[in-house]
Amino acid sequence: MASILATTLRYSRPLVASAARFGTITSVSPFSQLAAASRQTVLTAAKPITLVPMKQITTSSVKKASAAGGSHHHDKLWLFERVLSLGLLGLLPVAFIHPSPIGDTILASVMVVHTYIGFKSIVTDYVRPVVFGTVIPPIAQGLLLLLTIATAAGLIQFIRNDIGIANAIKRAWAIKPAQ
């Protein structure tokens, strides 16, 4: 008995108190001794379980629609976002190596769509009807759409009537500080 308690003492101090309460422990492994002692503790100290009613958990409209069998293809949207991001990685060097109005237009449209998707996910995540009510979230989504359209129109106007995106960035990089 002393060697079993000494071994147990090395691995778990609370087991010594349990062994003293419940008598001898016949198992050799300290971990199985601990399991046996805790099982005995649970059996002797069992109390009736009372269930507490939970508050109703509210979810966003996307989760409600998908739970109701709505057809939301979030995995395809996620894949589209990743392809768009990879496309931007390829378009940026090409736009600066060979600047042209067509390349700038493609670059501008991909940047605007990429930015719109990113900000839309931010607005959807943080301007929720649960927090802001039912009026503010559609207004925020509408403002985002208006700003996206205005940005696209401004970039297209800049590409058609001025030097374009790539040439403007090249000129900005070429500016030397005044001496």
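Buried means under 20% relative accessible area, exposed means over 50%, and partly exposed lies in between (1.4 Å probe, protein chains only). The model is predicted: local features need pLDDT of at least 70, side-chain atom pairs count only at pLDDT 80 or more, and totals for chains, interfaces and linings use all residues. Residues are numbered from 1 along each chain as its sequence is written, and side-chain values use heavy atoms, with hydrogens and water left out.

**View 1. Overall fold of the predicted model.** The protein has nine helices and zero strands. Helices (H or I, at least four residues) and strands (E, at least two) are DSSP runs, numbered from the N terminus. Read from that end, the elements run α-α-α-α-α-α-α-α-α. The protein has 179 residues, and 16% of them count as buried.

View 2. Side chains of opposite charge can pair when their charged atoms come close. Here a salt bridge requires a side-chain nitrogen of Lys or Arg within 4 Å of a carboxyl oxygen of Asp or Glu. The count by this rule is one salt bridge. Arg82 pairs with Glu81, and their closest N and O atoms are 3.6 Å apart. Arg82 has 35% relative accessibility, so it counts as partly exposed. Glu81 has 17%, so it counts as buried.

**View 3. Helix 5 at Arg82 and Leu88.** Arg82 sits in helix 5 (residues 74-97). From Leu88 to Ala108, 20 residues apart along the chain, the C-alpha separation is 10.0 Å.

**View 4. Helix 6 against helix 8.** Two packed helices are described by the angle between their axes and the distance between the axes. Axes are lines fitted to C-alpha atoms, for helices over the stretch in contact, with angles from 0 to 180 degrees between N-to-C directions. The axes of helix 6 (residues 101-126) and helix 8 come within 10 Å and cross at roughly 165 degrees. Helix 6 and helix 8 are therefore roughly antiparallel, a label for angles over 145 degrees. The crossing is right-handed: the near helix is turned clockwise from the far one by less than a right angle.

**View 5. The nonpolar surface patch.** Val130, Val131, Phe132, Val135, Ile136, Ile139, Leu143 and Leu146 make a nonpolar surface patch of about 750 Å². Patch residues have over 30% relative accessible area and no salt bridge; nonpolar side chains (Val, Leu, Ile, Met, Phe, Trp, Tyr) are joined within 5 Å, like charges within 9 Å. Areas come from the Shrake-Rupley method with a 1.4 Å probe. Helix 7 (129-132) and helix 8 (136-161) each supply at least two residues. Helix 8 gives the most, with four. Phe132 lies in helix 7. Its relative accessible area is 42%, so Phe132 is partly exposed.

Conventions
Parallel < 35°, antiparallel > 145°, perpendicular 65-115°, else oblique.
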